[in-house]
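Welcome, and take a moment to look over the model before reading on. The notes below walk through it topic by topic.

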Amino acid sequence: MLRAGCQLLNQAAAVKTGSNNFALEFVRWRRKPRWLPVAKSKMFRVPERKKQTEEERTELMRLHNNYKTQLRSVRQYLREEVVRQQETSTADHIVLTPEQEEAEFQRCLDENAAWNAKIASERNVRLAEEREAKVAYVQERLEAAKLRSEERREKVDERIRYEIEQAKTFITRESLEVAIETALANPVDHNYAIDLEGNMYRGR
Amino acid sequence: MPFMKGREPIRRTLKYLNAGKLVLKDKVRIFSVNYNTYGNHHAGARDFVFWNIPQIQFRNPDVQVITLKNMTPSPFVRCYFDDGRDILIDIDTRNRDEIIEHLVKVVGKTREQLVAEARLAESKDNPANFGYGCERHCICEIPGQVSCPGTVPLPEQMRGKFKFAPK
C-alpha cells in the first residue's frame, strides 16, 4: 500500500517535471534563475531591434518629454515644499545662541563706532571752518564798528569846533549894552522890494 | 485724520507704511531721535523724521519711538535695548537714505531673518494649513469635512468593499 502510494507520487512528479533527472527544472518559477548562465543555444543570438515608424517615434518622444517635464516639475515642487517645511516648522536657524547674538551685537557696535568716528571727524572739520568763519565775521564787524565810532567822533569834533567859532560873536551879558547901543544906532529897515534883476526898491 | 489732507498724506497710506525697510531687532525697546528744526547739518535728520518715522513706528508696534526736538547741537539716534545697554548713532550731515541704510545694518533685522519670520508667520496665520506645527493636526477637525477613517468609517460609496462588491 505504501509502495503503491510512492509509485503514484513518482508518476505524478514525472509528469510534472519531465523525465530527465539531470535537467534541473524548477517548479515554482518557470524560468531560468539569475545565477545560471545564458543557455548555450542562445549564447550568440542577437535580438533584432524592433522597427519604429517615424510617427511612432515622434509620438513616443512627445510622451517621453511630457512625462519628464511633469515629473521634473513635481520633483522641484516637492523639493521646495520640503525646504519651506523645514524653514517653517523649526525656527532654529533664526534663533541665535547667546554667544552668537553677543558677537552679532558687537559687530553692529563696531560698525557703528566706525560710522560715528567718520562723522565725528567730518564734523570737527566743519566746526573748525564754522569757527573760523565766525571769527572772521566778528573781526569784520568789530573793525566796522571802530570805523563807525571814529567817524562819529570826527563829526562831533567838527561840530564842536564850529560852535566854538560861532561862540565868538554871541551877545553876552557884558556886551549886552554895547549890542543894544549898536542896534539902536543902526536900525535895519526890511520894508523893501526886489525885482527879477535883483534891484532893491526901498519904501521909506 | 481724513485721507488726503495735510502735508504729504502719502505717509499715511498702508502701502507706504508697509514699505519701510527698518524692522528693529527684538532687543530694541526704545528708538529715540534727537534733532533740531534748524541748521543745515540737521536737514537729513529732519527728513528722516518726516518721512521714515511713520514707517518705523508702523513696522515696530512694540517699540517706543520718540523724537526730541531742539535739545542737541548735533543730531543723533539712540536705541535702548532690553538688557539696559544702548547704542548711539550719529546722523550729523547725513541724508535720510544713508541714515536708514546704516540703521538697517546696525539695529535692523537682516533680510534673511525677515524672510524666515514672514514664512513662519505665514504658515501659522494661514488657516488652511493643517498638520505638524499648525493650528490643527488634521483636516477632519473642520466641520463638514470627512472624518478620519480611523475614528469613523468612511461613507460606503468611498469604500472598495462596497464599490467593487459584486451586485
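A residue is called buried if 20 or more other C-beta atoms lie within 10 Å of its own, exposed if 12 or fewer do, and partly exposed in between, with C-beta atoms placed from the backbone. By that count, helix 3 of chain A is hardly covered, with two buried residues among its 70. This is a predicted model, in which local features need pLDDT of at least 70 and side-chain atom pairs count only at pLDDT 80 or more, while totals for chains, interfaces and linings use all residues. Residues are numbered from 1 along each chain as its sequence is written, and chains are lettered from A and ligands numbered from 1 in the order in which they are written.

**Confidence**

- The model has an ipTM of 0.71 and a pTM of 0.56.
- For chain B, the mean pLDDT (the predictor's confidence in each residue, from 0 to 100) is 90, and 97% of the residues reach 70 or more.

- Chain A holds four helices and two strands; here helices (H or I, at least four residues) and strands (E, at least two) are DSSP runs, numbered from the N terminus.
- Read from the N terminus, the order of these elements is α-α-α-α-β-β.
- Of the 204 residues in chain A, 1% are buried.
- Helix 3 of chain A spans 98 Å from its first C-alpha to its last, close to the 104 Å expected for its 70 residues at 1.5 Å a residue; the expected span is 1.5 Å times one less than the number of residues.

**Where the two chains meet**

- Contact between the chains involves 17 residues of chain A and 18 residues of chain B, where two residues are in contact if their C-beta atoms, placed from the backbone, lie within 7 Å.
- On the side of chain A that touches chain B, helix 2 (54-89) and helix 3 (98-167) of chain A each supply at least two residues.
- Helix 3 of chain A gives the largest share of that side, 10 residues.
- That side of chain A is made up of seven nonpolar, five polar and five charged residues; Ala, Val, Leu, Ile, Met, Phe, Trp, Tyr, Cys and Pro count as nonpolar, Asp, Glu, Lys and Arg as charged, and the others, Gly among them, as polar.

**The core of chain B**

- The largest nonpolar core has 19 residues, and Ala45(B), Val77(B), Leu103(B) and Val107(B) have the most contacts inside it; such a core is a set of buried Ala, Val, Leu, Ile, Met, Phe, Trp, Tyr and Cys residues joined through C-beta atoms within 7 Å.
- Strand 1 (28-35), helix 2 (43-59), strand 3 and helix 3 (96-107) of chain B each bring at least two residues to this core.
- Helix 3 of chain B contributes the largest share of this core, five residues.
- Apart from neighbours within four places in sequence, Val77(B) is in contact with Val33(B), Ile89(B), Ile91(B) and Leu103(B).

**A hairpin in chain B**

- Strand 3 and strand 4 (residues 86-90) of chain B run antiparallel and are joined by five bridges; two strands pair if DSSP finds at least two bridges between them.
- Phe76(B) has Asp90(B), in strand 4 of chain B, as its bridge partner.
- Four residues lie between the two strands of this hairpin, and Gly84(B) in the turn has a positive phi of about 90°.

- Most residues other than glycine have a negative phi.
- Glu8(B), in the segment before helix 1 (14-18) of chain B, has a positive phi near 45°.
- Asn70(B), in the loop between strand 2 (64-69) and strand 3 (76-81) of chain B, has a positive phi of about 55°.
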